[in-house]
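I opened the model to look up sheets, helix packing and a chain contact. My notes follow in the order in which I took them.

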Amino acid sequence: MDLLLNNFWELTITGLAYGAIYALIALGYTLVYGVLRLINFAHSEVFMYGGFAAVWVLTAIGATKATGLGTAGFLVVAFATAMAMSALVALVLEFVAYRPLRKRNSPPLIALISAIGASYTLSEAMGLRDKPFKWFGKDQDLVRYVGRPREASPFPLNIEVKRLFYVFDYHVSNIDLIVLGAAIIMMIGLDQFVSRSRLGRGIRAVAQDPESAALMGVNRDRVIRLTFVLGGAMAGAAAVMYLLKVGQIRYNSGFILGVKAFTAAVLGGIGNLRGALLGGFILGVAENYGQAVFGGEWKDVVAFTLLVVILLFRPTGLLGESLGKARA
Amino acid sequence: MNAVRNFLHGVGDRFRALPRWAKIVLAIAAAVFVYLLPIINPPLITTTDSDFGAVLFLCALYALVAIGLNIVIGYAGLLDLGYIGFFAIGAFTVGILGSAHGNIPLLLCIPIAMAVTLFSGIVLGAPTLRVRGDYLAIVTLGFGEIVRLVLVNADGLTGGSRGISNIPTPPSLDLFGVPHLVWDGFVAKVDLSNQTRFIQFSVTDSIPYYWLALTLVFIVLFLDWRMQNSRVGRAWEATREDEDAAELMGVPTFRFKLLAFATGAAIGGLSGALFATKQQFINPDNFTILYSVLFVAMVVVGGQGNRWGVILAAALLTWAPEKFRFLSDARFLLFGLVLMALAIFRPQGLLPPRRSVRAKRADEETEVLEEGAAHV
Amino acid sequence: MSDTKAGASSADETRGARVDDDTPLSPDEDARPDTSVDISVDAVTDLPKGKMLEVDDVTLRFGGVTALDGVSFHINTGEILGLIGPNGAGKTTCFNVMTGVYQPTSGDVKFMGEALGKRKKFQITKLGIARTFQNIRLFHNMTALENVLVGADAHHSTGMGSALLRLPKHHSEEREGMDRAYELLKFMGLEKRADELARNLPYGDQRRLEIARALATNPKLLCLDEPAAGFNPAEKARLMELIRSIRDQGYTVLLIEHDMKLVMGVTDRIVVLEFGKKIAEGVPAEIQDNPAVIAAYLGVDEDAS
């Protein structure tokens, strides 16, 4: 308990930084759920692929150390790569694993099975990425570029941790600032997109009433593709933030993070964009507090217990579920 | 795929049409054959890279798991993604009472393990079964993970990540030896040098455990059948079909959902206990969430609601990776691809429940009649 | 992935539309309802005369919308009460309050002298109120027989223990349920369709199966929510005959119907709702001449005839 009180602000701010990562991934779950009523179990893999793409591209362009503007440039490259890769994977996922089911009107449980299958496939494909090269005897060359497939790949860009300013007694670092700043930019961007643009209106229309939306000339398939791309891009951004905070990524890093992000989405009210954000931040902070009180090994237990308790009192999450009604 | 299903349903139809005595004889013969599988070691089926008896034990164990989870998912329509949690609680109850903190004999541990899991099923279900279906999925997923984390972290009770060893075996009763068959191509020979003691439970021979697991499968199947063919089974089905309408027809839906959830949990606990006594050593790594996912896949792939379907799927999904061990690394990749392919091309599962097949046949017959070309 | 329901209901509509004037309720000539079957139950038919159900000043608000506004009426034992009114008058909402789907914002519903209070839906069914649904809600993947058995199970108590051990209770209740179910299927003319899946039944059969399922719960009060929706006039008239014979066997019936002419012929008394308020109550002849009712129907609703 003392640990919590003595480090309250540090725990709060690092919690918010982790929360931002959860929140961005949660947006993907919530968007897809809002439009398709589907738990996109493979979304965690979308996140993971974005992270690897960022690692590889930075390695390839030799981005290891830089200062000032150089760092900023490399970060922009990292974000762009990760978001593009994740969006692409999400799009492929939708095309291969979900579209055929939608055409056949399959029940939701079947879509979940397909999602689970896609999740296994994607993460194992990453875990086996050396295999095709092994057949040509090239796997040793490959290690230099993409790391050992079953081991963690480190983020190549070293950013020196600098303490910038105090929030009460916590000295906020540049990493915290980058993560939180980037997250807030993404969130505002998405919020504005969904609530103001024509395509965003389409998303809300389909979420509210797919049939009427179709009658009104909204192209449902396009809206669905769009939600996967948006959710994927957010997950890609989250992956870079994760790399900044944690420093490495593995072929199976997505799973537990995905479960937590989904928890965050449910916590806030699945299908509700602002709920996902709120849920993510609450989860990140609560985990940190819980960790301080009960010890680091109980971190995940705290997260899930929180979920169960909140669902008991608010069965539809904190903000209720409505992608249609809530403006982002 | 269709051919396989038609064949299996055809077998089912023929079997149902037989006179009672023939049914009994055939059923006994089939049961005896299944019991003797690890002794006969039929070519093609027998796994070459891993111990066939051990593989069969796992098949029977997971069949038990699938029957239990089928009650929850298939009958009551509750998506439980944390089934491994109950399995783990069952296993660790036996470990804790039988080895780590007590020396209670196994035969007493098992009912206690079932009671503990039944209780935890009620504790988890009572608050969560009121929330909507999708949430249940995530809450149970969280539960499965919490159980594992508690096992890792509660050092004093569970031995933490070191786990528990020396878990008691069932009492042995050494009566006689059963020699195995060996096959030279398609010619069988009796191998007197390789015998399974009937019935001695030991680390070296998995076959007696297989027999035990199989016996439990038959017992649970029988009870499962009795439940399904009663007011309880009807209430589950009605609840799954339309919860509000069921409630308005006088079905206390919450109570029945809880019953299904807790019954499933108890069967999960039984399976876990069986796993613990076979392994004699357990640690939290045996109980990761991926198993929950695998269990759900067994039920859905088998055809939710059909007990024979889920048993078939459980056995197939356990046996195939062992049989094709040479693919070792790519097993999970293939597993993922197979799940996707099944979802897309065979959404009703390998062997969907009788009912929907019957309905489909009725539809087809009507169609034929409407075309004025009635023939049987 | 979410369109299955819409698909099913449009299929129902086409089935309903195909029926023309002379077709009996079921395409099977010999599957007509057999109203000579005795479906009465002592517990239901030996009730004291008087008020069975009282709706006492019930108001129900959803947010800012007042769905029911101080509605009061009662149902006498052994009568057929018609609840009519234009679309959106609050008829089904009234049903939902009586069967525990909604809790009234104020006022209460008394059944056999007891307030329903916060009883759950299934408890109210066990007390003796059973209903059907405006849009058919059968258990579509269960057989006709099983549907009725679920209804009959409302007054059974076999649980896990009796089912697993096959105690005498299980057997006696199964037998009782079967007898009751066949009796009702026969009464409704569905005996030959007992083993067919509910969703494969023709539209009219589905409607009658819903009534059979509700009757199986041994209801003191049977609530029918537009049981003849989608029927042509001839079919409707025949169904009304059937409802009358259900009453003649001792059941009390509450009937929601949109079609005023039809209700006139079959009900003993009528309550008229409009915009959530009761605007009239009385015997059919009185209602027919009531200016408020005429205004409500002529002024608001054109397809009421």
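I began with helix 3 (residues 91–98) of chain C, which lies across strand 1 (51–62), strand 2 and strand 4 of chain C and runs at about 70° to strand 2 of chain C. For the record, this is a predicted model, in which local features need pLDDT of at least 70, side-chain atom pairs count only at pLDDT 80 or more, and totals for chains, interfaces and linings use all residues. Residues are numbered from 1 along each chain as its sequence is written, while chains are lettered from A and ligands numbered from 1 in the order in which they are written.

My terms: helices (H or I, at least four residues) and strands (E, at least two) are DSSP runs, numbered from the N terminus. Axes are lines fitted to C-alpha atoms, for helices over the stretch in contact, and angles run from 0 to 180 degrees between N-to-C directions. Contact requires C-beta atoms, placed from the backbone, within 7 Å.

I then traced the open sheet of four strands in chain C, whose order is 2-1-4-5 with antiparallel pairing (strands pair if DSSP finds at least two bridges between them). Its edge strands are strand 2 (65–76) and strand 5 (114–115) of chain C. I found two bridges between strand 4 (residues 106–111) and strand 5 of chain C, with Glu114(C) as the bridge partner of Phe111(C).

Next I took the open sheet of six strands in chain C, ordered 6-7-8-3-9-10 with mixed pairing. Strand 6 (129–131) and strand 10 (277–282) of chain C each have a single partner strand, so one side of each lacks a neighbour in the sheet. The twist averages 20° from one strand to the next. Five bridges join strand 7 (residues 221–225) to the parallel strand 8 (residues 252–256) of chain C, and Cys223(C) has Leu254(C) as its bridge partner. Helix 9 (residues 233–248) of chain C lies across strand 3 (80–84), strand 7 and strand 8 of chain C, at about 155° to strand 8 of chain C.

In chain A I checked helix 8 (residues 174–196) against helix 11 (residues 220–246): the angle is about 175° and the axes are 10 Å apart. That makes the two helices of chain A roughly antiparallel (over 145 degrees).

Last, I noted that 33 residues of chain B are in contact with 33 residues of chain A. Helix 6 of chain B gives the most to the side of chain B that touches chain A, twelve residues.

Technical notes. Two residues are in contact if their C-beta atoms, placed from the backbone, lie within 7 Å. Angles under 35 degrees count as roughly parallel, over 145 as roughly antiparallel, 65 to 115 as roughly perpendicular and the rest as oblique.
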